[in-house]
Amino acid sequence: MLFRRLRSRTVHHERQPEEEYIATAGGGGGGGEWRSLTVWRKSLVFSCTGFTVINSCGDLVYRVDNYIGQRRGEVILMDASGKSVLTVRRRKKLRPIENWQVYEGEADDGSRTRPSSQNQPICTVKKHVNLLNANQNVLAYVFLGNSDKRYAYRIEGSYPNRSCKVLDSSRRVVAEIKRKEAMNEGASFGLEVFLLVVGPGFDSGFAMTLILLLDQMFS
């Protein structure tokens, strides 16, 4: 899987590198079609917690294996072969609002004096705190890079009920989390198996990373 972080060639009418990453990295889903992934809230590795993600053909696409003793506050999304795709890391600084950062691949532990550009965050995600009883449907905001001035995406709905939408700044839906309906009437998959539906042009790996963040926020 090749991730391309394109640099802006002109000042105007160009996306920022992080936005290009989210829109094109590992894309798939050409032809303007929505893609549907089945998410199982369970690791296939014995004694691990995590997630298993398969596509409509039944092939393994992503996996998360959280080993006992693994660094707290960090989750790594891997592809089917076990290669690190994205790293979710909770920010260590004391802040009134919980927030996380997402890095490409397996980010270092931050011990370097001058982190390389590869270890700069793709985005920062902040949990929405409803202090004034407004925007009760909002769960989190996604900001590109280290910025927190203007959000690029917002997540609405209810993660415990597996009913969420990811909307861009124009309020267009780019991804959804839905309950998975069983083929047999009366049967149910419950909350451990659900669907991630990803819109055209939006990276499915990044969408899955948002699920990992919601799981940390609301589980």
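Modeller: Please do; the model is a predicted one. A search of the whole structure finds one cavity of 30 Å³ or more.

Colleague: What makes this space a cavity rather than a pocket?

Modeller: A cavity is a space where a 1.4 Å probe fits but cannot get out, whereas a pocket is open.

Colleague: How do you know which residues line the largest cavity?

Modeller: A lining residue must have an atom within 4 Å of a cavity point. The residues that line the largest cavity are I155, V166, A175, E176, I177, L196, A207, L210, I211 and L214. Helix α2 (204-218) and strand β11 (173-179) each supply at least two of the lining residues, and α2 gives the largest share, four residues.

Colleague: How many residues of the lining are nonpolar, polar and charged?

Modeller: Nine are nonpolar, none is polar and one is charged. Glu counts as charged, so E176 belongs to that class.

Colleague: Why are β1 and β12 called paired strands?

Modeller: Two strands pair if there are at least two bridges between them.

Colleague: Which strands form the closed barrel?

Modeller: The closed barrel has 12 strands, running in order from β1 to β12, with antiparallel pairing. On average, neighbouring strands of this sheet are turned by 20° against each other, direction ignored.

Definitions and conventions. Residues are numbered from 1 along each chain as its sequence is written. This is a predicted model: local features need pLDDT of at least 70, side-chain atom pairs count only at pLDDT 80 or more; totals for chains, interfaces and linings use all residues. Side-chain values use heavy atoms; hydrogens and water are left out. Axes are lines fitted to C-alpha atoms, for helices over the stretch in contact, and angles run from 0 to 180 degrees between N-to-C directions. On a 1 Å grid over the protein atoms alone, a cavity is a set of points where a 1.4 Å probe fits but cannot get out, and a pocket is an open set with protein on both sides within 12 Å along at least five of seven lines; lining residues have an atom within 4 Å of a point. Grid points are joined across faces, edges and corners, and a volume is the space filled by probe spheres set on the points.
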